[in-house]
Amino acid sequence: MKAVFVRDLRLAFRAGGGFGLALAFFLIVVILVPFGVGPETAVLRRIAPGILWVAALLACLLSLDRIFALDFEDGSLPLLATAPVPLEGVVLAKAAAHWVVTGVPLACAAPALAFLLNMEGGAYLTLVMSLAIGTPALSMIGAFGAALTVGIKRGGLLLSLLVLPLYVPVLIFGASAVRRAADGLSVATPLLILGAITLVVVAVMPLAAAAVLRINLR
Amino acid sequence: MSIWEYANPKKFTATVTPIIPWAFGIGLGLLVVGLIWGFFFTPAENRQGESVKIIYLHVPSAFLAINAWVMMLVASLIWVIRRHHVSALAAKAAAPVGMVMTVIALATGALWGQATWGTWWVWDPRLTSFLILFLFYLGYLALWEAIPDPDTAADLTAIMCIVGSVFAFLSRYAAIYWAQGLHQDASLSLDAEENVSDVFWQPLVLCLVAFGVLFVALVLLRTRTEIAKRRTLALQARQRRAEVRV
């Protein structure tokens, strides 16, 4: 498992793309929003939490198909499936690598972009926390979606159609935590529920993703 | 009678073929009676006026939109656990029907909302949950379309249906946390003394039963068609192999 994790990280850092792309996409989406809704600071300040969460979610989506597609094409996925490690573990390691490559940088970069949108000062810590808690769930759900569509050529659009509805609960609780923080309210409830969703998803989704991969490798 | 007998597609087709025209006839008959009764022989409601009559389409379609998904979930579980081939095809057959029901519920709801709330659409938890349900139907059908091999497609869509059910359920409660709604509480519950005033209730029950029977008829018909399609594909494949050998 550790070897798979390290291998995926190396591939993401070295083989051009993966790592910086999601971050750049996040930046561009957030910069495009003021062009769309107008430059009034008050409006941007109000919608900043939602924009940042939606943009982070889309950035996460962007690199999902890389999780399994490349390994499926060059034949290393069947090898991983027959390796002594359970396939569930491989899925978990790959999702974790995806999270380190996209989720963690997104959470770290979010405050800088929140600054651009004039977000309320009190919400910065909650923004980073909610993204740090929520993005593992995004990666794991995304890994399931990627496993589902791995056998389909040009399955990228289908992947987003399948995965985005699954992201709704995470988005609702993540963004609402930041909104509540911006309004000066307590954020414990949404953050706790978000944490619960992440824990359940990380515990159960590898089983579903591995089952789906086995079907695709049949 | 056990459902396992009908895992044999031939037996299934033979059994449902005589049922289908009856189910269509009874469903359509009940629907016509229910709608005419509801539209022309019930009074206008005190505050909503004539717009209340949308209920005869809105409630049955919403009821079926959810229950079609539940049926797909059960059929998918039966397929995944016991490899009941007809069950997998029944799940596939129910999906477009359920999706159309979702669209009818959303459309009639928008018309009703315009008449009573003064707006076509609000981001109310119920309305939003239905929109998300529509997306799930869309993804489910798209996944079926995208995979050429029927058994792989059945397996993958079944697991997608099971996982999707959990998330659809979760989204529904997340949406309640997320927004306050304009929509009233459930119109139908078994434990309530009186759900809707009796004048409206009787034709409504008739319409509900009619929608249910029509749903069964459509699903049986579509399942039979799917079986015939699978058979055709198998025969074509066999013929191609035979030609290659010659």
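**Where chains A and B meet**

**View 1. Chain B touches chain A.** In this predicted model, 22 residues of chain B are in contact with 19 residues of chain A (contact: C-beta atoms, placed from the backbone, lie within 7 Å). On the side of chain B that touches chain A, the elements giving two or more residues are α4 (125-146) and α5 of chain B. α5(B) gives the most, with 13 residues. By class, this side of chain B has 18 nonpolar, three polar and one charged residues. (Nonpolar: Ala, Val, Leu, Ile, Met, Phe, Trp, Tyr, Cys and Pro; charged: Asp, Glu, Lys and Arg; polar: the others, Gly among them.) Helices are DSSP runs of H or I, at least four residues, numbered from the N terminus.

**View 2. Helix α10(A) meets helix α5(B).** Helix α10 (residues 188-217) of chain A and helix α5 (residues 150-178) of chain B have axes that come within 10 Å and cross at roughly 170 degrees. Therefore α10(A) is roughly antiparallel to α5(B) (angle over 145 degrees). Axes are lines fitted to C-alpha atoms over the stretch in contact, and angles run from 0 to 180 degrees between N-to-C directions. From α10(A), A:A208, A:A211, A:V212 and A:I215 take part. They meet B:T152, B:D155, B:L156, B:I159 and B:V163 of α5(B). This contact has seven nonpolar, one polar and one charged residues.

**View 3. Confidence in chain B.** The mean pLDDT of chain B is 88, and 93% of its residues reach 70 or more (pLDDT: the predictor's confidence in each residue, from 0 to 100). Within chain B, confidence is highest in helix α2 (residues 55-82), at a mean of 93, and lowest in helix α6 (residues 198-245), at 90. The model scores ipTM 0.88 and pTM 0.90.

**Notes.** Residues are numbered from 1 along each chain as its sequence is written, while chains are lettered from A and ligands numbered from 1 in the order in which they are written. In this predicted model, local features need pLDDT of at least 70, side-chain atom pairs count only at pLDDT 80 or more, and totals for chains, interfaces and linings use all residues.

How values were computed: Parallel < 35°, antiparallel > 145°, perpendicular 65-115°, else oblique. Contact = placed C-beta atoms within 7 Å.
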